[in-house]
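Dear colleague,

I am handing over the structure below for your records.

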Number of protein chains: 4
Amino acid sequence: MDFSSDTSAPAHPRVMEALARVNAGHQSSYGNDAVTAELRGLLARTLEIEDFDFWLCASGTASNALALSCFCPPTGAILCHAEAHIARDERGAPEFFSGGGKLQLLGGDGAQIEETELRDALARIDHGFVHETPAHVLSLTNLTESGTAYPAARIAHYAALAKEAGLTVHLDGARIANALVSMGASLADMSWRAGTDVLCLGLTKTGAMGCEIIVLFGEARTKFNELKARAKRSGHMPPKMRYLAAQAIALLTDGLWLDLARNANQRAQEVANLLCRRPGTELVHPVHGNEVFVRLDDETAGRLRDAGAVFYTWLDGSSRLVTSWQTGADTIDQLASVLD
Amino acid sequence: MDFSSDTSAPAHPRVMEALARVNAGHQSSYGNDAVTAELRGLLARTLEIEDFDFWLCASGTASNALALSCFCPPTGAILCHAEAHIARDERGAPEFFSGGGKLQLLGGDGAQIEETELRDALARIDHGFVHETPAHVLSLTNLTESGTAYPAARIAHYAALAKEAGLTVHLDGARIANALVSMGASLADMSWRAGTDVLCLGLTKTGAMGCEIIVLFGEARTKFNELKARAKRSGHMPPKMRYLAAQAIALLTDGLWLDLARNANQRAQEVANLLCRRPGTELVHPVHGNEVFVRLDDETAGRLRDAGAVFYTWLDGSSRLVTSWQTGADTIDQLASVLD
Amino acid sequence: MDFSSDTSAPAHPRVMEALARVNAGHQSSYGNDAVTAELRGLLARTLEIEDFDFWLCASGTASNALALSCFCPPTGAILCHAEAHIARDERGAPEFFSGGGKLQLLGGDGAQIEETELRDALARIDHGFVHETPAHVLSLTNLTESGTAYPAARIAHYAALAKEAGLTVHLDGARIANALVSMGASLADMSWRAGTDVLCLGLTKTGAMGCEIIVLFGEARTKFNELKARAKRSGHMPPKMRYLAAQAIALLTDGLWLDLARNANQRAQEVANLLCRRPGTELVHPVHGNEVFVRLDDETAGRLRDAGAVFYTWLDGSSRLVTSWQTGADTIDQLASVLD
Amino acid sequence: MDFSSDTSAPAHPRVMEALARVNAGHQSSYGNDAVTAELRGLLARTLEIEDFDFWLCASGTASNALALSCFCPPTGAILCHAEAHIARDERGAPEFFSGGGKLQLLGGDGAQIEETELRDALARIDHGFVHETPAHVLSLTNLTESGTAYPAARIAHYAALAKEAGLTVHLDGARIANALVSMGASLADMSWRAGTDVLCLGLTKTGAMGCEIIVLFGEARTKFNELKARAKRSGHMPPKMRYLAAQAIALLTDGLWLDLARNANQRAQEVANLLCRRPGTELVHPVHGNEVFVRLDDETAGRLRDAGAVFYTWLDGSSRLVTSWQTGADTIDQLASVLD
């Protein structure tokens with residue numbers, strides 16, 4: 001019973017098949033190959049739009065930091081939640097890639113930004129006041145770090161506020177599939193139709209070996225050349241790009257990525273339900289995706305550990321249990337038997 | 001007849017098998033997995049030493065830049081050849097990772113640093129003179145960018161000079177296998193026994209999907225934690241590290257990597273021999289590895305292009321033909337028939 | 001009645017005399033001059049210690065950022081108050097100079113860090129957990145941005161906590177003279193005896209044209225060469241250093257700097273007293289130095305504006321009135337007559 | 001007989017008078033003062049243009065690096081001479097301020113860029129080739145580091161070539177007054193009329209305490225806000241800006257700066273004439289400004305040292321003697337008597 005992280009799961013078999021399929025013959029390097037070209041069409045259908053640019057990246061940290069660095073100058077700031085992955089878990093990647101830009105941290109429950117905090121931060125921006133660092137980007141995360149999902153309408157609302165203030169809107173979608181399934185939204189509704197300018201579409205946690213897609217929409221496309229130059233100099237322009245593209249093709253084809261997320265989400269609900277039946281146990285955040293944050297009583301925690309269940313203790317003392325595409329009914333049954 | 005680059009070749013089948021082998025069950029993320037642990041032993045045997053630390057990276061650019069940034073402070077410089085990959089083809093990666101350090105460019109034939117230039121540069125270092133940027137690192141490349149190989153003894157000689165001046169020695173080994181085979185040297189002889197402090201052991205061009213190993217020896221190991229922190233913030237700490245480790249295991253096992261390099265080198269010799277039989281054609285550099293730099297007469301060039309041969313024109317007007325693990329006797333036969 | 005800032009006051013006449021005095025003959029450049037050498041002795045007496053290194057800087061922002069960048073690596077963080085000048089008013093200078101380090105913001109009244117917040121932050125440091133950014137420096141400001149003063153004992157207490165956790169202690173003393181006078185402490189007591197490793201001793205706001213002194217104590221002195229290299233490359237190694245040294249000599253001689261701060265502090269008290277006599281007016285923070293933060297009723301604010309008084313409205317809606325070495329009894333009389 | 005540098009000379013008395021003149025009353029901080037406003041008009045007349053923006057800086061290194069960082073992105077390069085001050089004597093300042101941009105070094109006699117080298121470098125720029133770093137800025141220095149002067153027409157010619165290739169043209173004018181006097185050109189002819197986009201107008205070496213003016217012309221003015229933000233975060237926005245403006249006013253008024261440069265240049269000619277009368281002595285570069293580079297025979301060198309003359313030995317073994325506004329006929333007489 002490994003609930004440590006969706007990143008400790010293996011890649012989905014269809015990903016491996018896709019890698020094998022493209023592993024023949026010469027292909028141009030650095031993204032000029034036929035596999036990456038094939039991905040473009042599939043991505044257009046997935047996004048329901050033709051007007052976009054994209055770049056492939058093996059790392060979610062790099063994907064976010066590269067995207068942000070194209071829109072936040074060294075003299076600017078990025079608005080994000082105080083619990084955001086970019087703020088807490090990337091060892092200063094946005095600061096590094098942006099050349100010393102700042103993160104301006106906002107609060108709100110469930111790692112979702114509170115509207116009043118966002119409005120206050122936007123109102124404070126004064127490009128004419130040279131001493132303070134003005135925000136240039138709003139970064140939202142869906143699923144959030146607390147496993148909750150923003151509905152597409154809230155993304156759209158926040159994006160509209162941000163754009164009115166001249167900001168670019170970035171969506172960290174390391175677990176976007178889980179959010180889409182949970183909210184019943186399409187990727188288009190959650191991204192460009194909601195005003196997202198740059199999307200980091202994560203597939204690693206969903207079932208890839210390591211594959212993230214940075215997508216630029218509309219005006220943001222003017223930064224595509226800069227994005228590639230920054231990718232190059234940060235070591236995120238792998239010569240054999242076909243192997244990244246193949247992973248994305250495998251997952252986006254026939255909606256496999258959403259099916260995998262659907263399984264993970266359902267298993268998380270089952271985990272939550274089993275745990276919440278225990279009297280001393282309560283959820284810390286609503287379970288919208290594949291992460292369960294729960295305050296466990298000592299006996300429950302003890303039983304789990306004794307049974308070899310693996311999960312992390314969070315900063316606030318709660319426990320985080322993560323499911324993945326691979327979490328099966330057998331794992332849930334095992335959990336049930338431990339808790340009964 | 002694709003001679004464009006060894007990076008346009010696919011991965012070796014045993015690499016794909018290794019990926020499939022490790023694609024099961026949960027593994028701890030970020031390098032704490034059993035596959036990476038397994039690699040350690042194999043690497044120790046390959047290096048003939050136990051006293052080292054290593055980090056896996058999908059990108060050669062990142063591998064070099066990360067390594068260099070641990071040893072060259074923002075206020076320092078890196079000595080390298082004017083034609084070095086880190087100077088010419090990485091879009092300022094060393095400058096970016098080091099926080100604005102400098103490359104100090106040295107000359108020499110065949111992209112090998114001339115000893116007098118090295119000695120002059122070392123003699124000029126004056127840490128007490130705050131206005132000039134003192135060199136902290138000597139970076140050597142083997143194979144060089146011109147396809148020639150430094151013998152291990154020359155590496156050792158330069159490393160000794162550099163260390164006497166207080167520098168750290170970095171070896172960019174993106175095509176180190178080709179150099180080892182060509183020079184008949186062991187990896188140990190070419191790296192730590194020759195005074196290399198930090199080795200970037202490239203496997204991507206040899207036959208991996210994307211896999212480079214940064215190896216720290218001796219004193220340099222004190223920088224291992226810094227290396228990891230820098231890897232993290234630059235997006236080079238992939239969660240599913242097992243897939244990098246598996247590639248390395250496949251290639252290092254039973255010396256496969258050297259066998260593949262041996263084939264590439266031999267094919268390059270055959271290509272060179274065929275081309276040099278043409279009256280107007282001459283080599284620009286000796287062919288020590290898998291790269292042939294040749295000045296082609298118009299007729300030869302025309303025949304090659306007409307036959308669909310793919311290769312690059314270099315800055316000096318010469319042509320570069322690169323072979324790989326996959327270049328077979330059939331390709332050489334085809335080339336022969338075109339040139340006859 | 002200009003209460004806008006102590007930086008809008010001119011330099012003290014003795015500063016101008018000192019500049020004139022040193023304006024003759026040749027002097028070595030870049031700090032190797034006789035005037036800077038003379039300052040060293042005076043500074044030793046002022047600090048009551050011989051074991052220190054120092055560097056002169058015309059800018060407080062640069063003084064802080066240079067100091068911090070020697071102790072906080074790009075992969076590290078600086079603990080400071082959320083209202084600190086380095087966090088709010090320096091446009092990302094610490095992030096720029098450190099190469100993308102982070103500020104970790106702590107709360108507390110009067111812009112003084114709350115002890116529990118400090119303890120929590122220190123307890124969370126985990127150098128072995130590569131994903132989060134560990135704090136390397138504690139930065140305290142005295143006077144704080146709210147015009148309150150830390151007593152020397154509190155600095156010492158916080159410094160002890162920080163050092164136990166392996167941090168370096170930085171003191172932003174842009175208005176240190178005001179804090180010393182207010183707390184009745186010596187500079188030694190407030191700096192090295194209290195565990196400060198690196199002091200930014202500000203004289204600009206006290207009465208210089210532009211002069212700040214970065215002082216390194218004890219172990220921190222090992223960073224002196226790095227400090228100079230960083231000063232050089234950031235344009236803070238002026239060739240004609242004698243003119244910075246002369247300003248410092250003028251102000252430190254016979255305790256002039258403390259006398260000037262004493263006047264400013266006393267005038268601030270008088271301003272506060274006059275304002276607080278008004279029924280609707282109340283102090284937002286205690287007045288420990290030369291800054292009065294006050295919530296003005298509309299009538300009082302109106303009278304002041306009508307009489308041409310200059311002062312800033314702060315982010316929280318309060319008014320900030322700052323006095324300086326030049327604020328005289330006449331200004332206080334004028335204020336009294338406006339308010340009567 | 002101090003010929004070490006023009007930066008070891010004191011400030012001109014009129015500079016000191018100007019400082020005293022502005023040292024009264026309150027002035028707005030950070031460049032919003034009446035003195036800086038006054039300077040604007042004087043600068044317009046000096047430049048013979050109204051359409052410009054400017055920023056004051058106490059440091060030449062900062063002035064160059066700030067200017068360059070507004071026009072060279074982190075992913076770009078700056079073309080300059082291999083001997084340029086920005087390349088050799090600023091400890092990586094351009095790399096630091098630009099966030100890791102590159103200097104691309106060109107050759108040519110007398111530290112003047114050779115036209116063919118410039119043309120080759122411009123021809124190689126390929127923004128579509130992501131691996132190499134494209135040049136964005138051409139940086140010229142006048143006087144050069146070898147004491148020679150570009151005529152205005154050559155600046156204009158090079159600027160035209162650079163602009164055709166899409167580059168911005170930067171002029172490092174740390175000793176621009178010496179070049180103007182030497183070439184008989186106006187500042188307008190040497191700067192904006194010659195196609196310079198951003199001029200670093202140095203006054204420190206001419207006779208200020210420390211004062212450089214960054215001037216943006218035409219299109220380059222769109223970067224003025226960025227320039228200010230970068231100045232702020234690098235500590236080059238001194239609160240009491242009036243004291244920088246006053247220095248500039250003193251020197252630009254009635255062409256004092258040119259008079260001072262004229263004296264320095266004349267004295268340099270006299271020094272050169274005296275030295276060249278010695279049989280074994282020859283100039284290394286023509287003397288266009290206030291710097292004499294000369295190869296001294298041992299006897300001459302010995303006599304000079306014995307007489308207490310101060311001057312530097314250059315990297316190529318030659319001797320550099322620098323004159324300043326303060327070098328008088330008495331110094332020349334003294335030199336003559338030593339050499340006779």
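In chain D, helix α3 (residues 60–69) packs against helix α10 (residues 224–233) at an angle of about 135°, their axes lying 9 Å apart. Axes here are lines fitted to C-alpha atoms, for helices over the stretch in contact, and angles run from 0 to 180 degrees between N-to-C directions. Helices are DSSP runs (H or I, at least four residues), numbered from the N terminus. The angle makes α3(D) oblique to α10(D); under 35 degrees counts as roughly parallel, over 145 as roughly antiparallel, 65 to 115 as roughly perpendicular and the rest as oblique. D:Leu66, D:Ala67 and D:Ser69 of α3(D) meet D:Glu226, D:Leu227, D:Arg230 and D:Ala231 of α10(D).

The model is predicted: local features need pLDDT of at least 70, side-chain atom pairs count only at pLDDT 80 or more, and totals for chains, interfaces and linings use all residues. Residues are numbered from 1 along each chain as its sequence is written, chains are lettered from A and ligands numbered from 1 in the order in which they are written, and side-chain values use heavy atoms, without hydrogens and water.

Between chains B and D, 21 residues of chain B are in contact (heavy atoms within 4.5 Å) with 21 residues of chain D. The rule finds 2 salt bridges across this interface, a salt bridge being a side-chain nitrogen of Lys or Arg within 4 Å of a carboxyl oxygen of Asp or Glu. B:Lys102 forms a salt bridge with D:Glu95, with the closest N and O atoms 2.8 Å apart.

Yours sincerely

Key: Helix = DSSP H or I, 4+ residues; strand = E, 2+ residues; numbered from the N terminus.
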